[in-house]
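User: Hey, I'm new to this one. Can you walk me through it?

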Amino acid sequence: QVQLVESGGGLVQPGGSLRLSCAASGIPFSTSLMAWYRQAPGKERERVATCNRFGHTVYADSVSGRFTISRDNAKNTVDLQMDSLRPDDTGVYFCYAEKVTFPLLGPFWGQGTQVTVSL
């Protein structure tokens, strides 16, 4: 059974930082694409950042230069360091995993962690 468990969300003031972490189990982590998505109230879920099995990262334009995704294949974790947070970064952040080598598995989602950026 695949499980993705997020942690690290919370309330932070504009300009502050948070670090999200996702612990994965039940999936071959080293051969999986890992990503973070978010969903703001009343909006569709959007991809924030991805990290492929080679460590190559891609970011949404809205977070580029402020967020950093990283993975630890030894610990089966993927983190999202969020700096210079803005109110429009508020939302539920979801961890995503997909095994992209054969046999394919997923995608899989975590339960989400709330991030609120406000005074």
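User: Which residues does the disulfide join?

Analyst: Keep in mind that this is a predicted model. The disulfide joins Cys-22 to Cys-95, with an S to S distance of 2.1 Å. The structure holds one disulfide.

User: Where do Cys-22 and Cys-95 lie?

Analyst: Cys-22 is in strand β3 and Cys-95 is in strand β9, so the pair ties together parts that are 73 residues apart in sequence.

User: Are those two buried or exposed?

Analyst: Cys-22 counts as buried, at 0% relative accessibility. Cys-95 counts as buried too, with a relative accessibility of 0%.

User: And what about Cys-51?

Analyst: Cys-51 is in no disulfide. The nearest cysteine sulfur belongs to Cys-95 and is 11 Å away. Cys-51 is also buried, at 2% relative accessibility.

User: OK, new topic. What does β4 pair with?

Analyst: Strand β4 pairs with β9 (residues 91-99) in the antiparallel sense, over eight bridges. β4 also pairs with β5 (residues 46-51), again antiparallel, over five bridges.

User: Which residues stand opposite each other there?

Analyst: On the β9 side, Trp-36 stands opposite Cys-95, the cysteine that is joined to Cys-22. On the β5 side, Ala-35 has Thr-50 as its bridge partner.

User: How many residues sit between β4 and β5?

Analyst: Six, and the two strands form a hairpin. In the turn, Gly-42 has a positive phi of about 75°.

User: Why is β4 said to be largely enclosed?

Analyst: β4 covers residues 32-39, and six of its eight residues are buried, so the rest of the structure largely encloses the strand.

User: What about the largest nonpolar core, how many residues does it have?

Analyst: It has 26 residues. Those with the most contacts inside it are Trp-36, Val-48, Phe-67, Val-78, Leu-80, Met-82 and Tyr-93. At least two core residues come from each of β3, β4, β5, β7, β8, β9 and β11.

User: Which strand gives the most to the core?

Analyst: That's β3, with four residues.

User: Pick Leu-80. What is Leu-80 in contact with?

Analyst: Leaving aside neighbours within four places in sequence, the contacts of Leu-80 include Trp-36, Val-48, Phe-67 and Tyr-93. Thr-68 is among them as well.

User: How far apart are Thr-68 and Arg-19?

Analyst: They are 9.4 Å apart in space, C-alpha to C-alpha, and 49 residues apart in sequence.

User: What joins β1 to β3?

Analyst: Five bridges, with the two strands running antiparallel. Leu-4 stands opposite Ala-24 in β3.

Methods:
Residues are numbered from 1 along each chain as its sequence is written. This is a predicted model: local features need pLDDT of at least 70, side-chain atom pairs count only at pLDDT 80 or more; totals for chains, interfaces and linings use all residues. Side-chain values use heavy atoms; hydrogens and water are left out. Buried means under 20% relative accessible area, exposed over 50%, partly exposed in between (1.4 Å probe, protein chains only). Two strands pair if DSSP finds at least two bridges between them. A nonpolar core is a set of buried Ala, Val, Leu, Ile, Met, Phe, Trp, Tyr and Cys residues joined through side-chain atoms within 4.5 Å. Contact means heavy atoms within 4.5 Å. A disulfide is a pair of cysteine sulfur atoms within 2.5 Å.
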